[in-house]
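Here is a friendly briefing to read alongside the model. Please have the viewer open as you go through the points.

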Amino acid sequence: MCFYFFISKKNPNALGTSSVRYNFRTVSKKLDFRVHPHILRHTYASILIANGIDVVTVADRLGDPSEMVLKKVYAHASKDKKM
């Protein structure tokens with residue numbers, strides 16, 4: 001089963017890569033802050049960790065080794081929860 005996150009109002013199929021990039025550039029200009037699709041991945045992982053989901057499960061969902069999640073990329077989310 002396949003789900004599309006970025007779809008068109010006119011056509012329920014996935015938007016092309018160039019359309020997604022264009023939309024993120026447009027939002028970035030309006031916010032005066034760089035917004036990139038990869039930020040969704042970081043946000044997802046941070047929310048999972050902040051809500052007590054174990055690192056092994058988060059890593060599995062992201063397709064990363066748990067060491068990457070724990071030490072390099074998303075460790076700040078677990079530190080924030082400890083404070």
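Helices (H or I, at least four residues) and strands (E, at least two) are taken as DSSP runs, numbered from the N terminus. With that in hand, a backbone detail to look up is Asp32, which sits just after helix 1 and takes a positive phi of about 55 degrees. This is a predicted model, in which local features need pLDDT of at least 70 and side-chain atom pairs count only at pLDDT 80 or more, while totals for chains, interfaces and linings use all residues. Residues are numbered from 1 along each chain as its sequence is written, and side-chain values use heavy atoms, with hydrogens and water left out.

**Overall make-up**

- The protein chain has five helices and zero strands, so the order of elements from the N terminus reads α-α-α-α-α.
- Buried residues (under 20% relative accessible area; exposed is over 50% and partly exposed lies in between, with a 1.4 Å probe and protein chains only) account for 18% of the 83 residues in the protein chain.
- The protein chain exposes about 6,900 Å², of which carbon and sulfur atoms supply 58%; the areas come from the Shrake-Rupley method with a 1.4 Å probe, and for residues only the protein chains shown count as cover.
- Take the contacts (heavy atoms within 4.5 Å) between residues at least 6 apart in sequence: 28% of them join residues at least 24 apart.

- Helix 1 covers residues 17-31, 15 residues in total, and reaches 21 Å from its first C-alpha to its last. That is close to the 21 Å expected at 1.5 Å a residue, where the expected span is 1.5 Å times one less than the number of residues.
- The buried residues of helix 1 are Val20, Phe24 and Ser28. They lie on the same side of helix 1, because they cover an arc of only 75 degrees around the axis; the arc is that of the directions from the helix axis to the C-beta atoms.
- These buried residues pack against helix 2 (38-50).
- Exposed residues on the other side of helix 1 are Ser18, Tyr22, Lys29 and Lys30.
- Ser28 counts as buried because its relative accessibility is 12%. Leaving aside residues up to four places away in sequence, Ser28 touches Phe33, Arg34 and Val35.

**Nonpolar core**

- In soluble globular proteins, nonpolar side chains tend to be buried together.
- A nonpolar core here is a set of buried Ala, Val, Leu, Ile, Met, Phe, Trp, Tyr and Cys residues joined through side-chain atoms within 4.5 Å.
- The largest such core has seven residues: Ala45, Leu48, Ile49, Val58, Ala59, Leu62 and Val69. Helix 2 and helix 3 (55-62) each supply at least two residues of this core.

**Salt bridge**

- The structure holds one salt bridge, meaning a side-chain nitrogen of Lys or Arg within 4 Å of a carboxyl oxygen of Asp or Glu.
- The partners are Arg41 and Asp64, whose closest N and O atoms are 2.5 Å apart. This pair links distant parts of the chain, 23 residues apart: Arg41 is in helix 2, and Asp64 is in the loop between helix 3 and helix 4 (66-73).
- Arg41 is partly exposed because its relative accessible area is 25%, and Asp64 counts as partly exposed at 21%.

**A residue in helix 4**

- Met68 is found in helix 4 and is partly exposed, with a relative accessible area of 31%.
- The C-alpha atoms of Met68 and Val55 are separated by 9.7 Å, and the two residues are 13 residues apart along the chain.
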